[in-house]
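This report describes the model shown below.

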Amino acid sequence: MAEPALDGLIEALRRLPGVGQKSAQRMAFHLLQHDRDGAARIAASLQKAVADVRHCDRCHTFTEGAICSTCSDERRDARLLCVVETPADQAALERTGSYKGLYFVLMGRLSPLDGVGARDIGLAQLIERATDGTVEEVIVATNFTAEGEATAHVIGETLKSRGLRVTRLARGVPIGSELEYVDLGTIAHALSERR
Ligand code: ZN
């Protein structure tokens, strides 16, 4: 019993992270049976986001213009540049309210086994961004996982060799953890104790 439209929807939902065949099927049935308006909204939102959302020219985070609102905020301290893995990590740091500098979002982490190299995390753009003459300190806030640490090491060595001051979030953040899931007080402390 082939139902191309239904099968296609389930197949599409399976592309989402952490969604397998069963959950995809449950979502598809739910939308079609109970929430057709919601389904139409999801479809429209996806289409609009894919068409309108791009990466900021300066920090690589998601934005709808050429430069994101954080990068274009003149009240931010342009002497500080914080390097994070994802927009979610950036949001976690923002929620602490204790960081007033700017960001560079890698949109990933170095992961040679998965084929993610320096080019994929925009290392060349990071170097260019950090050596703009205004940045005085680069705070590396990649996650405290094996890959995050390896990424921090490469970034640290690369930027130090260009004469920049590079600091790392302090060890208050538990090993193996992703910033996104760490409580705000701990992040704020790690930020103030960076070295
Ligand atoms: Zn930006």
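A crossover is called right-handed if, with the strands pointing away from the viewer, the path from the first strand over the helix to the second runs clockwise. In this predicted model, strand 5, helix 6 (residues 146–160) and strand 6 form a β-α-β unit of the right-handed kind. A right-handed β-α-β unit is also made by strand 3, helix 4 (residues 87–96) and strand 4.

## Overall layout

Seven helices and six strands make up the secondary structure of the protein. Their order, starting at the N terminus, is α-α-α-β-β-β-α-β-α-β-α-β-α. Along the principal axes, the C-alpha atoms occupy a box of roughly 65 × 35 × 35 Å. The protein has 195 residues, of which 39% are buried.

## Parallel strands

Strand 3 (residues 77–84) pairs with strand 4 as well as with strand 5. Five bridges join strand 3 to strand 4, and the two run parallel. Strand 3 and strand 5 are also parallel, with four bridges between them. Strand 5 in turn pairs with strand 6 (residues 165–168), again in the parallel sense and over four bridges. The table gives one bridge for each of these pairings.

| Residue | Bridge partner | Strand of the partner |
|---|---|---|
| Cysteine 82 | Tyrosine 103 | Strand 4 |
| Leucine 80 | Glutamate 137 | Strand 5 |
| Isoleucine 139 | Threonine 167 | Strand 6 |

How many residues of strand 4 (residues 101–105) are buried? Five of the five are, so strand 4 is largely enclosed by the rest of the structure. Strand 5 (residues 137–140) is covered on both faces. Glu137 and Ile139 lie on one side, Val138 and Val140 on the other, and all of them are buried.

Cysteine 82 is located in strand 3. Its relative accessibility is 0%, so cysteine 82 counts as buried. Leucine 169 is 87 residues away from cysteine 82 in sequence, but the two C-alpha atoms are 9.8 Å apart in space.

## Zinc site

Which residues are the protein donors of the zinc ion? They are Cys56, Cys59, Cys68 and Cys71, each through its SG atom, and they lie 2.3 Å from the ion. The angles among the four donor atoms are 106 to 116 degrees, and the site is tetrahedral. The spacing of the donor residues in sequence is C-x2-C-x8-C-x2-C. Cysteine 56 and cysteine 68 link distant parts of the chain, being 12 residues apart. Cysteine 56 sits in the loop between strand 1 (54–55) and strand 2 (62–63), whereas cysteine 68 sits in the loop between strand 2 and strand 3. Cysteine 56 and cysteine 68 are both buried.

## Largest pocket

Rolling a probe the size of a water molecule over the atoms shows where empty space is left. The volume of the largest pocket is about 290 Å³. Its lining consists of Leu9, Ala12, Leu13, Leu16, Met27, Leu31, Leu32, Ala39, Ile42, Ala43 and Leu46. At least two lining residues come from each of helix 1 (4–13), helix 2 (21–34) and helix 3 (36–52). Helix 3 gives the largest share of the lining, with four residues.

## Residues with positive phi

Most residues other than glycine have a negative phi. Histidine 60 is not a glycine, yet its phi is positive, about 75 degrees. Histidine 60 belongs to the loop between strand 1 and strand 2. Is histidine 60 buried or exposed? With a relative accessible area of 16%, histidine 60 is buried, because the cut-off for buried is under 20%.

Methionine 107 is another residue other than glycine with a positive phi, in this case near 60 degrees. The loop that holds methionine 107 lies between strand 4 and helix 5 (123–130). Methionine 107 has a relative accessibility of 28% and therefore counts as partly exposed.

Terms used: Residues numbered from 1 in each chain as written. Predicted model: local features only at pLDDT ≥ 70, side-chain atom pairs only at ≥ 80, totals over all residues. Heavy atoms only, no water. Buried < 20%, exposed > 50% of the residue type's maximum accessible area, 1.4 Å probe, protein only. Pairing = 2+ DSSP bridges. Donors = N, O, S within 2.8 Å, 3.2 Å for Na, K, Ca; no water. Tetrahedral: all angles 85-135°; square planar, octahedral: opposite > 155°, others 65-115°. 1 Å grid on protein atoms, 1.4 Å probe; cavity = no way out; pocket = protein on both sides within 12 Å on 5 of 7 lines; lining within 4 Å. Points joined across faces, edges and corners; volume = space filled by probe spheres on them.
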